[in-house]
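Hi there,

Here is the structure I promised to pass on. Have a look at it first, and my notes follow below.

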Amino acid sequence: MLVSDKRKKNLKDILKNINIHFRNFKLLNLALSHRSYVNENNLKENNEKLEFLGDSILGFVITEYLFFNFSYLSEGDLARIKSFVISETSLTKIAKKIGLNRYILIGKGEESSGGRNKKTIISDAFEAFLASYYLDSNFNKVKNLIIKLFKPEIELVIEDKHEKDYKTLLQEYVQKEYKECPVYKLIGKDGPEHNKNFYMEVFVKNKSLGHGQGKSKKTAEKQAAKNAYLRLTSQIVETDIKNTENYE
């Protein structure tokens with residue numbers, strides 16, 4: 001894929017924001033090429049394989065950083081912090097902060113449906129970007145960049161000041177670990193019509209993991225997701241689900 005001078009100038013704006021350099025702008029451009037753009041323009045490659053590599057690099061660097069800098073925390077606490085830090089919400093926030101989202105190449109149809117603001121597209125492109133920087137330079141350089149960009153997010157989580165989207169966190173965790181989505185069920189409601197209480201339950205592999213209550217189904221789902229996520233990221237509950245044959 002050819003990279004025009006105008007496009008190269010735009011890409012340099014991202015690099016300037018984070019004080020890094022690239023040799024191979026074709027690789028960087030590929031990292032920001034969503035499949036919708038590639039398909040519409042009959043191109044051969046999109047950024048999905050780079051995203052796969054970047055996800056692994058990011059996960060390892062954050063895991064290593066947490067392991068050596070917060071050794072006083074339990075395995076469950078470290079896992080919970082990591083899941084917050086590398087969530088779609090966190091990745092999207094950082095990508096927007098450095099201006100990466102403005103230069104993702106997406107198809108016209110995806111653009112018209114608000115694709116430029118979709119967390120999945122932005123976070124995937126960001127992980128692909130990290131992989132492209134690793135391939136263009138070396139592991140130590142991408143490691144230093146990741147720590148530089150993510151250290152403030154880690155500190156927010158440690159101080160419990162971070163944004164918590166438990167429904168998204170639960171879905172990401174369950175899809176990654178168990179290859180399925182959480183299922184929410186309304187288990188009851190009470191109160192007068194103008195002031196009802198809703199009760200929701202969330203299931204993973206047909207196992208109930210969390211209950212929630214709220215003045216709307218959405219609020220009750222969020223509470224159920226929070227309870228499920230906090231339970232699921234503990235070693236006891238995780239092992240229980242993985243070893244339960246009856247729920248397959």
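Helix H6 passes helix H9 in a right-handed crossing. Please keep in mind that this is a predicted model. H6 covers residues 88-97 and H9 covers residues 139-158; their axes lie 11 Å apart and the helices pack at an angle of about 135 degrees. That angle makes H6 oblique to H9, because it falls in neither the roughly perpendicular range of 65 to 115 degrees nor the roughly antiparallel range over 145. On the H6 side, the contact is made by Ser90, Leu91, Lys93 and Ile94, and H9 brings Leu149, Phe150, Glu153 and Leu156 to it.

Phe150 also turns up in the largest nonpolar core, which has 58 residues. Along with Ile62, Phe126, Phe129 and Ile146, Phe150 touches the most other members. If you click on Ile146, leaving aside residues up to four places away in sequence, you will find it touching Ile57, Leu58, Val61, Ile62, Leu130 and Lys151. Another core lies apart from this one, with six residues, among them Leu30, Ala31, Leu50 and Ala131.

Then there is the sheet. It is open, with three strands in the order E1-E2-E3 and antiparallel pairing. The edge strands are E1 (183-190) and E3 (207-214), each pairing on one side only. Neighbouring strands are turned by 20 degrees against each other on average, direction ignored. E1 and E2 (residues 197-204) pair over seven bridges, and the bridge partner of Lys185 in E2 is Glu201. Helix H11 (residues 217-232) lies across E1, E2 and E3, running at about 140 degrees to E3.

Enjoy exploring!

Best wishes

Conventions: Residues are numbered from 1 along each chain as its sequence is written. This is a predicted model: local features need pLDDT of at least 70, side-chain atom pairs count only at pLDDT 80 or more; totals for chains, interfaces and linings use all residues. Side-chain values use heavy atoms; hydrogens and water are left out. Two strands pair if DSSP finds at least two bridges between them. Helices (H or I, at least four residues) and strands (E, at least two) are DSSP runs, numbered from the N terminus. Axes are lines fitted to C-alpha atoms, for helices over the stretch in contact, and angles run from 0 to 180 degrees between N-to-C directions. Contact means heavy atoms within 4.5 Å. A nonpolar core is a set of buried Ala, Val, Leu, Ile, Met, Phe, Trp, Tyr and Cys residues joined through side-chain atoms within 4.5 Å. Buried means under 20% relative accessible area, exposed over 50%, partly exposed in between (1.4 Å probe, protein chains only). Angles under 35 degrees count as roughly parallel, over 145 as roughly antiparallel, 65 to 115 as roughly perpendicular and the rest as oblique. A crossing is left-handed if the near helix is turned anticlockwise from the far one by less than a right angle, and right-handed if clockwise.
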